[in-house]
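Visitor: I am new to this structure. Could you take me through it in short steps?

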Amino acid sequence: MEILLDIQKKTGVKIICALKGYSFWRSFPIIAEYLPGATASSLNEARLAKEEMGKEVHVFAPAYEDNEIDPILELADHISFNSFSQWARFKEKTLAHQVSPGIRVNPQFSTVETDIYNPCGKFSRLGVTEAEFKPELLDGLEGLHFHALCEQDADALEGVLKAFESRFGKYLDKMKWVNFGGGHHITRKDYHREELVKILNGFKARYPHLQVIMEPGEAVGWQTGELVATVADLVHNEMDIAILNVSISAHMPDCLEMPYRPSVIGAGQPNEKKFTYKLTGNTCLAGDQLGDFSFDQPLKVGDKIIFEDMIHYTMVKTTFFNGVRHPNIGMFDMNGQFKLLHQFTYQQFKDKL
């Protein structure tokens with residue numbers, strides 16, 4: 001939080017927490033001391049931001065529905081529309097609620113390598129392209145919004161910004177704000193923060209009238225949460241396989257989607273250490289497996305396997321597939337004391353269905 005506050009002080013940008021990546025609301029009182037608000041992708045997230053953080057609420061969704069737009073506008077300070085048709089449909093209501101409206105654009109440039117996470121990829125539904133942009137419908141709009149990054153450094157933003165200004169810079173004089181989206185890995189140790197400050201201040205010099213907004217999710221919770229698993233069984237099929245009491249598909253789907261390989265405390269790459277195991281989950285899905293990790297000592301039933309940095313994009317994507325029990329949730333206080341906050345129940349599994 002202090003890193004993000006420092007960037008804000010040096011540049012004048014607003015950095016807000018993207019709940020789609022980090023929704024651990026029990027930490028919102030701490031976050032609210034440093035960030036001016038949060039960005040939501042749905043009515044539920046907007047309500048969570050308003051109720052638990054109590055600061056600015058920014059909203060973007062690919063499409064809003066008639067039965068949800070009014071309650072969203074009651075909660076929102078900013079709202080971004082994904083298309084001019086959505087803007088035209090809800091313009092009157094948005095202006096009546098005095099919510100600051102924007103339109104999401106697609107700069108058609110990105111260095112994200114994984115297609116499923118590339119919002120500027122071929123046939124992307126996210127944002128208006130230059131060819132589809134309708135300047136005649138800009139009346140009433142106060143901001144432009146783009147999102148093109150995924151856990152990337154400042155140089156990636158620099159490339160996107162050039163494309164954005166080239167395609168849409170001529171409309172910025174009519175705007176009050178611009179949203180640079182998320183995917184900025186600002187709190188990572190090797191992130192080039194000085195370069196980010198230079199990029200942001202350069203943009204501010206070109207467009208001094210604009211309020212710049214950034215909405216990282218993973219940077220807010222970077223390396224703040226561990227997932228602790230237990231070895232439930234050990235089997236052998238051409239290699240040693242550890243079955244854990246957590247599921248990769250149900251509890252950490254990013255490891256299958258991305259694919260993302262988390263660090264395991266005390267473990268190395270396959271065959272780097274003496275004993276190599278395939279770490280797998282406890283559902284019936286054949287592909288519920290994480291990959292191969294090596295250890296100094298042979299694993300035993302009951303051993304703890306601790307996955308690092310699993311709070312962002314993990315907690316928000318969990319499912320009740322197979323009815324598997326969810327990991328408990330707790331926090332360590334400033335003195336290192338652990339407090340259990342939540343244990344999932346059968347009723348929560350049942351109510352979801």
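Visitor: At what angle do helix α3 and helix α4 pack?

Guide: This is a predicted model, in which local features need pLDDT of at least 70, side-chain atom pairs count only at pLDDT 80 or more, and totals for chains, interfaces and linings use all residues. Residues are numbered from 1 along each chain as its sequence is written, and side-chain values use heavy atoms, with hydrogens and water left out. Helix α3 (residues 43-52) and helix α4 (residues 66-75) pack at about 25°, with their axes 10 Å apart. Helices here are DSSP runs (H or I, at least four residues) numbered from the N terminus, and axes are lines fitted to C-alpha atoms over the stretch in contact, with angles from 0 to 180 degrees between N-to-C directions.

Visitor: Which residues meet there?

Guide: From α3, L43, A46, R47 and K50 meet E68, P71, I72 and L75 of α4; contact means heavy atoms within 4.5 Å.

Visitor: Changing topic, which residues have the most contacts inside the largest nonpolar core?

Guide: They are F133, L144 and F180, in a core of 70 residues. Such a core is a set of buried Ala, Val, Leu, Ile, Met, Phe, Trp, Tyr and Cys residues joined through side-chain atoms within 4.5 Å. Helix α6 (residues 154-168) gives the most to this core, with 7 residues.

Visitor: What does L144 contact?

Guide: Leaving aside neighbours within four places in sequence, its contacts include I103, F133, F164 and W177.

Visitor: And Q8, is that buried or exposed?

Guide: Q8, found in helix α1 (residues 2-11), counts as buried because its relative accessibility is 12%; buried means under 20% relative accessible area, exposed over 50%, and partly exposed in between (1.4 Å probe, protein chains only).

Terms used
Helices (H or I, at least four residues) and strands (E, at least two) are DSSP runs, numbered from the N terminus.
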